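Q: I have a model open and would like to learn how to read a few of its features. Could you walk me through them?

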Amino acid sequence: MKIAVIGTGYVGLVSGTCFSEFGHEVTCVDKDPKKIEALNNDIMPIYEPGLDTLVSKNRTGGRLHFTTDLKDAMRGAEAVFIAVGTPSRRGDGHADLQYVFAAVDEAADYIDSYTVVVTKSTVPVGTGARIRERLAAKLDESLFDVASNPEFLREGAAIEDFMRPNRVVCGADSDRAQEVLRELYRPLYLNETPVLFTSRETAEVIKYAANAFLATKISFINEMADLCEKVGADVQQVARGIGLDSRIGSKFLHAGPGYGGSCFPKDTRALVSTADEHQVPMRIVRSVVEVNEERKRAMADKIIRACGGAVDGKKIAILGLTFKPNTDDMRESPSLDIIPALQKAGASIAAHDPKGMEEAAEMFENITLSEDPYDIMADADALVILTEWNQFRALDMARVKSLLKTPTLVDLRNIYANADMTGFTYVGVGRAPE
Ligand code: UDX
């Protein structure tokens, strides 16, 4: 099947590439000529494990094309995926749909035979209906259908998530559109992936409900961690103790510095904003957002307490800047709140991240970045682990201790055990009374 994907950001690039791996003929379109030129030379705009190999393989195999020419991409395409950004609108947290509508309007000019216009971008419920109206103003209704096919890709594991998903959700009202989507995902039927066909509105809500529920688990366990610290309980054991109940499940119960990334913060805010528009209180998700925002700020205070109550004139070494491992993405990373707060309190910061330093260099002021994780520790008053990269899980602790001025380790991801930290002032999350 021939398809076009508009937007070669994270979602568009991964989805387009994986569809071509399924055997479909895919053309990815982007307005940015530099990005397209780079992709045509197998240079990736983002770091995602395995993506470069898959792009190169399918591009040279003739199934994956990159262009700035939408007309060319749309020729003969049976489906066009809208995968442009939907950032939080400044002020009200609502998803900004200007790029989605611009892409739809442009695509409409090149639809001359039946095409399914599919939203992959996360869009508030009702957007599919608005897209339908826009298209109907320009085109005969027999020429198109509008469907919603949300993605559930985790950065760092996106290829795996696309190729072996827990489920695929297709929101489409007509049989014809459902047939196109069924054909696109046919390779997944072989491994019995559940493919859910729903109305467009239901699919749109599923996407937000999934992200909001996962974010809720995280804020929930983070609040439990706070309680554990006060009463001398261990949040990791609490998470295990509740997670083994299959009604609860053990995933997404890791306490930490708060969730970040391109989805959870933006989508939870957008969901609250959609609910407001429909006069639905959505109290739980609202609290999840508040708990997370406060948590990022509270983490700086936790580090300051571990340093004896003040960091003025002290040097803090930070391992991990990205919002999670295996990505170079800094969007809404807890480091963006924690580091400036420490600097404001008078600390100087030296940091290392395996993939995020290029972006970080643009986002932080007065920060020393080093390619070597041990370099940053020399004469530091404390070492803080902000992101659980595998590289940080087996540090040479004797070397760390000899480098630090004071052997204080604040482990905001709980990757070390209290018992292994003899000789250190060790502070984890939700594990010991401070
Ligand atoms: C998320 C969803 O998982 C994915 O389905 C959706 O399509 C996009 O948003 P992603 O943002 O890539 O994916 O990362 P994810 O692994 O879900 O982690 C999000 C944030 O939650 C990270 O900051 C992570 O550190 C944090 N997190 C996750 C926790 O603090 N504790 C956990 O137990 C799990």
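Predicted model: local features only at pLDDT ≥ 70, side-chain atom pairs only at ≥ 80, totals over all residues.

Q: Is E332 buried, partly exposed or exposed?

A: Residues are numbered from 1 along each chain as its sequence is written, and side-chain values use heavy atoms, with hydrogens and water left out. Buried means under 20% relative accessible area, exposed over 50%, and partly exposed in between (1.4 Å probe, protein chains only). With a relative accessible area of 30%, E332 is partly exposed.

Q: What is the phi of E332?

A: E332 has a positive phi of about 55 degrees, although it is not a glycine. E332 lies in the loop between strand 9 and helix 14 (helices, H or I, of at least four residues and strands, E, of at least two are DSSP runs, numbered from the N terminus).

Q: And where does N326 lie?

A: N326 lies in the loop between strand 9 (315-319) and helix 14 (335-344). The phi of N326 is positive too, near 60 degrees, in a residue other than glycine. N326 counts as partly exposed, at 36% relative accessibility.

Q: How is empty space found?

A: Rolling a probe the size of a water molecule over the atoms shows where empty space is left. Here a cavity is a set of points, on a 1 Å grid over the protein atoms alone, where a 1.4 Å probe fits but cannot get out; lining residues have an atom within 4 Å of a point. The count comes to one cavity of 30 Å³ or more. The lining of the largest cavity includes T119, S148 and Y208, and its largest share, four residues, comes from helix 10 (residues 200-231).

Note on methods: 1 Å grid on protein atoms, 1.4 Å probe; cavity = no way out; pocket = protein on both sides within 12 Å on 5 of 7 lines; lining within 4 Å. Points joined across faces, edges and corners; volume = space filled by probe spheres on them.
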